[in-house]
Amino acid sequence: MEVQKIQSYILEKLHRELPEWLTYHNAEHTEIVIRNAIELGELEGLGTEELQLLQTAALMHDAGFLSTYETHEETSCNLSRELLPQYNYNPAQVEAVCEIIMSTKVPQQPKNHLSRILCDADVYYIGTDDYNVFSNRLYRELKYRDPNLTNEEWLKKQVDFLRSHNFFTESAKEKLTARKEANLKKLSRQHHTKTKNHRDFSFADILLMIFGVATAGFALKGFLVPNHFFDGGMTGISLLIHEIYHINLAVVIIAVNAPLIIMSAFVASRNFAIKTLICIILLGLCLFLVPYPVITSDKLLISIFGGFFLGIGIGLTMRGGCAVDGIEVLALYTLRHTSFTISEIVLGLNIIIFSIAAFQFGMETSLYSMLTYFTASKTVDYVVEGIEAYTGVTIISGNSERIKEKLVNEMGRGITIYKGERGFLPGKYEVHTDVDIIFTVISRLEMRKLKNLVYAEDPKAFVFASTIKETAGGVLKRRPPH
């Protein structure tokens with residue numbers, strides 16, 4: 001058996017021909033499995049020929065990825081039957097290698113000693129400190145094939161796999177089980193935390209919705225409505241209809257927002273739509289049933305504090321996962337059918353609202369209403385974002401692999417990777433290397449933690465940050481229009 005010759009040929013072929021999106025099942029993985037298999041094989045006391053068969057099976061076990069993904073084990077066997085005889089493997093040895101390869105197919109079912117060793121070598125990483133590095137590589141690979149795979153789903157898959165997994169050989173059990181259990185414990189804590197935080201209706205969400213609706217009702221009945229002031233968004237449209245046609249405000253708010261609630265189920269999510277429906281109905285009940293006192297008739301105080309309390313109410317409901325003003329849903333729907341940004345769409349709608357107010361009730365009322373809107377908008381910004389306003393951070397480091405793992409698993413942040421080059425220093429322009437450039441989004445409060453994490457891994461890392469002005473991709477994460 002000419003093991004070294006076939007190994008050189010296959011590894012070179014894997015490095016050259018495997019697609020880049022195979023971030024886990026790549027040539028490096030094969031090299032690692034070969035080392036792990038030899039290590040465990042020696043600990044298990046294998047003889048020379050057995051070690052050679054094991055090494056060959058480790059080499060060939062993922063060669064099938066060169067042409068297929070789903071049935072790569074069978075393809076690896078077919079490739080082995082084609083190539084191994086050219087390197088002085090007899091038919092019995094070829095079939096022995098194929099039997100070992102097929103044992104690695106999930107769920108693993110090894111039928112002999114060599115198969116049990118390769119199965120343990122194939123998932124050796126789950127019992128090491130580098131578990132997160134390799135699991136993240138596997139996640140990126142699976143995410144490429146299934147873009148809908150979420151972090152939460154992947155975390156659950158990992159927990160379920162580690163709970164059900166047992167090493168087959170005594171050497172692997174002794175060497176790897178303790179660290180595997182520690183990894184499982186850490187993952188279980190993360191899964192429990194994420195599950196707890198992602199309930200559809202948490203007690204905190206309910207409290208935020210109730211206080212938000214009550215505060216918004218206070219702003220409307222205590223400041224704006226008695227003094228014929230307006231606001232932007234769907235609330236402004238409701239106030240205009242109420243003032244012009246004298247229809248009960250509670251009924252108008254529910255009626256105006258109803259189509260947008262239905263639309264939000266498709267534009268945002270069903271959960272968001274249900275929460276928003278509850279908020280709008282609660283606001284209508286507050287306006288209809290609660291006898292809010294009229295606070296003042298001073299126009300400046302009405303503009304400032306009416307907007308302030310309305311902003312607090314809207315901001316609290318947004319923190320609770322819903323909205324008492326559906327203009328952002330309308331803006332998001334329009335965004336998908338036009339080339340305008342969300343800010344431009346919201347601005348256009350509000351110009352129409354305040355223009356009608358100026359025509360119907362005078363320029364002074366319209367200008368004060370603009371001040372109300374401005375105050376409410378800034379208050380919402382603070383309540384929703386506040387000291388948690390988001391910052392984009394770019395990290396350039398020669399130790400990017402460890403930093404990526406820390407950002408994802410310790411800080412719980414998503415990351416984006418750009419392929420780049422580093423070096424090009426004065427006097428050493430010709431010296432440069434490939435590097436993964438990391439981009440992530442954090443809150444300002446997390447900046448110090450991120451820097452400490454990065455510099456602990458690489459004191460020479462280059463880190464720079466920029467303010468995130470506007471994002472796209474999620475209703476609740478986007479800068480609020482109110």
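Author: A charge is said to sit over a ring if NZ of Lys or CZ of Arg is within 6 Å of the ring centre and within 35 degrees of the ring normal. In this structure, R145 lies over the face of Y69, at 4.0 Å from the ring centre. The model is a predicted one, in which local features need pLDDT of at least 70 and side-chain atom pairs count only at pLDDT 80 or more, whereas totals for chains, interfaces and linings use all residues. Residues are numbered from 1 along each chain as its sequence is written, and side-chain values use heavy atoms, with hydrogens and water left out.

Reader: How many aromatic pairs does the structure hold?

Author: Rings of Phe, Tyr and Trp (its six-membered ring) pair if their centres lie within 6.5 Å; planes under 30 degrees apart count as stacked, over 60 as edge-to-face and the rest as tilted. The structure holds 17 such aromatic pairs. One of them joins F65 and Y69, whose ring centres are 5.1 Å apart and whose planes stand at 70 degrees, so this pair is edge-to-face. Y69 is also the residue whose ring face lies under R145.

Reader: Are F65 and Y69 buried or exposed?

Author: A residue is buried under 20% relative accessible area, exposed over 50% and partly exposed in between (1.4 Å probe, protein chains only). Both F65 and Y69 are buried. A further pair is formed by F354 and Y373: with ring centres 6.1 Å apart and planes at 65 degrees, it is edge-to-face.

Reader: Where do F354 and Y373 lie?

Author: Helices (H or I, at least four residues) and strands (E, at least two) are DSSP runs, numbered from the N terminus. F354 belongs to helix 16 (residues 342-361) and Y373 to helix 17 (residues 363-384), so the pair ties together parts that are 19 residues apart in sequence. F354 is buried at a relative accessible area of 6%, and Y373 also counts as buried, at 16%. Elsewhere, F218, F223, Y292, F305, F308 and F309 form one aromatic cluster.

Reader: At what angle do helix 4 and helix 5 pack?

Author: Axes are lines fitted to C-alpha atoms, for helices over the stretch in contact, and angles run from 0 to 180 degrees between N-to-C directions. Helix 4 (residues 72-83) and helix 5 (residues 91-102) pack at about 165 degrees, with their axes 9 Å apart. Angles under 35 degrees count as roughly parallel, over 145 as roughly antiparallel, 65 to 115 as roughly perpendicular and the rest as oblique. Helix 4 and helix 5 are therefore roughly antiparallel.

Reader: Is the crossing of helix 4 and helix 5 left-handed or right-handed?

Author: A crossing is left-handed if the near helix is turned anticlockwise from the far one by less than a right angle, and right-handed if clockwise. Helix 4 passes helix 5 in a right-handed crossing. Contact means heavy atoms within 4.5 Å. The contact here involves E73, E74, S76, C77, S80 and R81 of helix 4, together with V94, E95, V97, C98, I101 and M102 of helix 5.

Reader: How do helix 2 and helix 3 pack?

Author: Helix 2 and helix 3 (residues 48-60) pack at an angle of about 155 degrees, with axes 8 Å apart, and are therefore roughly antiparallel. Helix 2 passes helix 3 in a right-handed crossing. Residues in this contact include V33, I34 and A37 of helix 2 and L51, L54 and Q55 of helix 3.

Reader: Which handedness has the crossing of helix 10 and helix 14?

Author: Helix 10 (residues 203-224) and helix 14 (residues 299-319) pack at about 160 degrees, with axes 7 Å apart. That angle makes helix 10 roughly antiparallel to helix 14, and the crossing is left-handed.

Reader: Which residues does T379 touch?

Author: T379 is found in helix 17 and is buried, with a relative accessible area of 10%. Not counting residues up to four places away in sequence, T379 touches G307, F308, G311 and I312. V383 also has its place in helix 17 and counts as buried at 15% relative accessibility. With the same exclusion of residues up to four places away, V383 touches I312, G315, L316 and R319.

Reader: Where is the place of L18?

Author: L18 is in the loop between helix 1 (3-17) and helix 2 (27-43). L18 is buried, at 12% relative accessible area. Among the residues L18 touches, not counting those up to four places away in sequence, are F65 and L66.
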